[in-house]
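Reader: Hi! Could you walk me through this model? I'd like to chat about the aromatic rings to begin with.

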Amino acid sequence: IFLLVSAGVSWVSCLKAIMGAKGSKLSDKELKDLEETTKLNREQLEHKFSQFMQQNPTGVVDRETFIRLTTSACGADAGYMFGRIFDVWDTNRDGSVDFKEFITSTSVMLHGDLEQKLRFAFDVYDANGDGRLSLTEMIQMMSAAFVLVSDTEEDDRRTPEERARRIMEIADTNKDGEITWDEFVGAGRKQPDLLEELGISGL
């Protein structure tokens, strides 16, 4: 999904589009809870919350707005990919992402351990939510992200299908045509280059 990193384009920067300049405040309890679940201190949390509220005065961002802002910031039509990211971030399935969901998810993406990042990638790829990754799901996601790969990238010009098939070869240990979470995380632990295929090694 995250071919942007391998292309020298930080897809995380696209997500900053939902951040503005200033805003409201978090309660002491909210700050304490978020300090425990993220690797951010109070000052950092307050600053990011202020930015979030400036861009999203209602305190939440809906799916349509999220996709519009992120794709606009990236200058490419990667709506499917960012839609899947939104779906994973929307942990309570209410159709919107609030600051807690936003900051907790981005903290995992930027500061999480290997398994947390693999979990995030797996969930984004798993479009139908059945707990298994099919070749079709991987190709679909990689194709959505592929539009963000620079035309000048010469190190790796493989197609999304070629990338997806390589991941399937690595992770589908029982060769049933699907990748379970256990297979996925096992492959990620044993083969660091899997992270490069997913584009999350640079986070």
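Author: Happy to. Rings of Phe, Tyr and Trp, the last by its six-membered ring, count as a pair if their centres lie within 6.5 Å. Planes under 30 degrees apart are called stacked, those over 60 edge-to-face, and the rest tilted. Please keep in mind that this is a predicted model.

Reader: Thanks! How many aromatic pairs turn up in the whole structure?

Author: The search finds 9 aromatic pairs. One of them joins Phe 49 and Phe 99, with 5.0 Å from centre to centre and 80° between the planes, an edge-to-face arrangement. Phe 49 sits in helix H4 and Phe 99 in helix H7, so this pair ties together parts that are 50 residues apart in sequence.

Reader: Are Phe 49 and Phe 99 buried or exposed?

Author: Phe 49 has 9% relative accessibility, and since buried means under 20%, Phe 49 counts as buried. Phe 99 is buried too, at 4%.

Reader: And what about Phe 52 and Phe 102?

Author: Their ring centres are 5.5 Å apart and their planes meet at 35°, so that pair is tilted. Here again H4 supplies one partner, Phe 52, and H7 the other, Phe 102, so the pair links parts 50 residues apart in sequence. Phe 52 is buried at 0% relative accessibility, and Phe 102 is buried at 5%.

Reader: Which residues make up the aromatic cluster?

Author: One cluster is formed by Phe 49, Phe 52, Phe 66, Phe 86, Trp 89, Phe 99 and Phe 102.

Reader: Nice. Switching to pockets: how much space lies in the second largest pocket?

Author: About 200 Å³. Its lining has 13 residues, and Val 88, Thr 104, Ser 105, Val 108 and Phe 120 lie nearest the centre. Helices H6 (79–89), H7 (99–111) and H8 (114–125) each give two or more residues to that lining.

Reader: Which element gives the largest share of the lining?

Author: H7 does, with 6 residues. By type, the lining of this pocket divides into 5 nonpolar, 4 polar and 4 charged residues.

Reader: Tell me about H8, then. Which of its residues are buried?

Author: They are Lys 117, Leu 118, Phe 120, Ala 121, Phe 122, Val 124 and Tyr 125. Phe 120 is also one of the residues nearest the centre of the second largest pocket.

Reader: What caps the N-terminal end of H8?

Author: Asp 113 does: one of its side-chain oxygens lies 3.2 Å from the backbone nitrogen of Glu 115. As for length, the 12 residues of H8 should span 16 Å at 1.5 Å a residue, and the end C-alpha atoms are 17 Å apart, which agrees.

Reader: One last thing: where is Glu 161?

Author: Glu 161 is in helix H10 and is partly exposed, with a relative accessible area of 37%. Glu 161 and Met 142 are 19 residues apart in sequence and 7.7 Å apart in space, C-alpha to C-alpha. Met 142 is among the buried residues of H9.

Conventions: Residues numbered from 1 in each chain as written. Predicted model: local features only at pLDDT ≥ 70, side-chain atom pairs only at ≥ 80, totals over all residues. Heavy atoms only, no water. 1 Å grid on protein atoms, 1.4 Å probe; cavity = no way out; pocket = protein on both sides within 12 Å on 5 of 7 lines; lining within 4 Å. Points joined across faces, edges and corners; volume = space filled by probe spheres on them. Helix = DSSP H or I, 4+ residues; strand = E, 2+ residues; numbered from the N terminus. Nonpolar A, V, L, I, M, F, W, Y, C, P; charged D, E, K, R; others polar. Expected span 1.5 Å × (residues − 1). Buried < 20%, exposed > 50% of the residue type's maximum accessible area, 1.4 Å probe, protein only. Polar contact = N/O pair within 3.5 Å; in protein donor to acceptor, adjacent residues only side chain to side chain.
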